[in-house]
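Hi everyone, thanks for coming.

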Amino acid sequence: MSLPAVPNVRRQGHTVTAPFAAELCGYRPNGNPSTSDSHDPGSIEWGHALFDALGVIPGTPEVFGVGDAMEKRAAAHLGSLRPDLVLGQSRPALEFDQYRHLNVFRQFSKTYRGPAAELDQALDELPPTPEFNSVRAHILAAIAAAGQDHQLVTQLQDTMPEESLLRIDITVAAPKPVDRLLIGLSSKWSLRTDRAQDCVSQGSKLVNHRRGHMPHYAVLTMEPRPSMLKLIAYGSGAVDCIYHLALPELREAATQIESTKKMKAGAAGWPQKLMLERMITQGRIRSYQQLVDEVLRLPRWA
């Protein structure tokens, strides 16, 4: 069976801008792009340049809840390309095959009742005859053993770490009965230091706590600043890569901003643009088309 074509995409070279990228862009009442950090002039500058490259009309109102809207649009678009897979939003990692073991003890703790008090009541109701004395002795021994086991279980409950896995924004999974997580995406319209750290932390947990197949874990974002993208792209290896909704336009924005900078004679180029191009060359930042390709090349499920 041939793979479905990618609908409604804007192609530039070998990269593709997400078909919904420009529709999500808008400006806040103060005139700043919706990707920007109001306390960072560089963020505002990058946001304006990116939106200009996308053809967003100045004054276009920002999309309310743009982060949620981006997540929904991306999940719907990717799901339309592979209806044989299960596309989800905000699903706990514990629901998938590689991480279901982390939920076993949690479920046990919820249902464990401990020694039944009914045994004590049953002893009181036994007639005080020689025939039941030996039965009573066996039951008392069983109650004592159960009490010791209960103390061990209680100690285990108190000392067991509670593995905390955040919900994954966008999941691509094999259908039941496999329920294997194939791709997990952390969806972030824009980035701040804490949001970047959340992405890395989530990726580390997915790596360390899995049993079996490691899902492809990446970040999907519209963040324009190379310096902020670098916080995720470089370092721990917990995140495979960053997929950018509008990478061709981001490169255009970098070229436009570079043209306004006064650089020393002989300089190789503007450091921010050089950083961006280096991350792209190294595959740390990839286009939305490459995410589409990743989804399309997954095994087919009947």
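Let's begin with helix H2 (residues 66–81) and helix H10 (residues 288–296), which pack at about 45 degrees with their axes 10 Å apart. Axes here are lines fitted to C-alpha atoms, for helices over the stretch in contact, and angles run from 0 to 180 degrees between N-to-C directions. Because angles under 35 degrees count as roughly parallel, over 145 as roughly antiparallel, 65 to 115 as roughly perpendicular and the rest as oblique, H2 and H10 are oblique to each other. From H2 come Ala74, His77, Leu78 and Leu81, and they meet Tyr288, Leu291, Val292, Val295 and Leu296 of H10; contact means heavy atoms within 4.5 Å. By class, that contact has 8 nonpolar residues, 1 polar and no charged. For the classes, Ala, Val, Leu, Ile, Met, Phe, Trp, Tyr, Cys and Pro count as nonpolar, Asp, Glu, Lys and Arg as charged, and the others, Gly among them, as polar.

A quick word on ground rules. This is a predicted model, where local features need pLDDT of at least 70 and side-chain atom pairs count only at pLDDT 80 or more, while totals for chains, interfaces and linings use all residues. Residues are numbered from 1 along each chain as its sequence is written, and side-chain values use heavy atoms, leaving out hydrogens and water. Helices (H or I, at least four residues) and strands (E, at least two) are DSSP runs, numbered from the N terminus.

Now the sheet. What is the order of its strands? It is an open sheet of 6 strands, S3-S4-S5-S6-S7-S8, with mixed pairing; two strands pair if DSSP finds at least two bridges between them. At the edges sit S3 and strand S8 (285–287), each pairing on one side only. Strand S3 (residues 86–92) runs antiparallel to S4, joined by 6 bridges, and Pro92 has Arg167 as its bridge partner in S4. S4 also pairs antiparallel with strand S5 (residues 181–188), over 4 bridges. By contrast, strand S6 (residues 216–221) and strand S7 (residues 242–244) are parallel, with 3 bridges, and Thr221 is partnered by His244 in S7. Our friend H2 comes back here: H2 packs on the sheet, touching S3, S4, S5 and S6, with its direction at about 150 degrees to that of S3.

So, is strand S4 mostly covered or uncovered? Mostly covered: 6 of the 7 residues in S4 (167–173) are buried, meaning under 20% relative accessible area, with exposed over 50% and partly exposed in between (1.4 Å probe, protein chains only).
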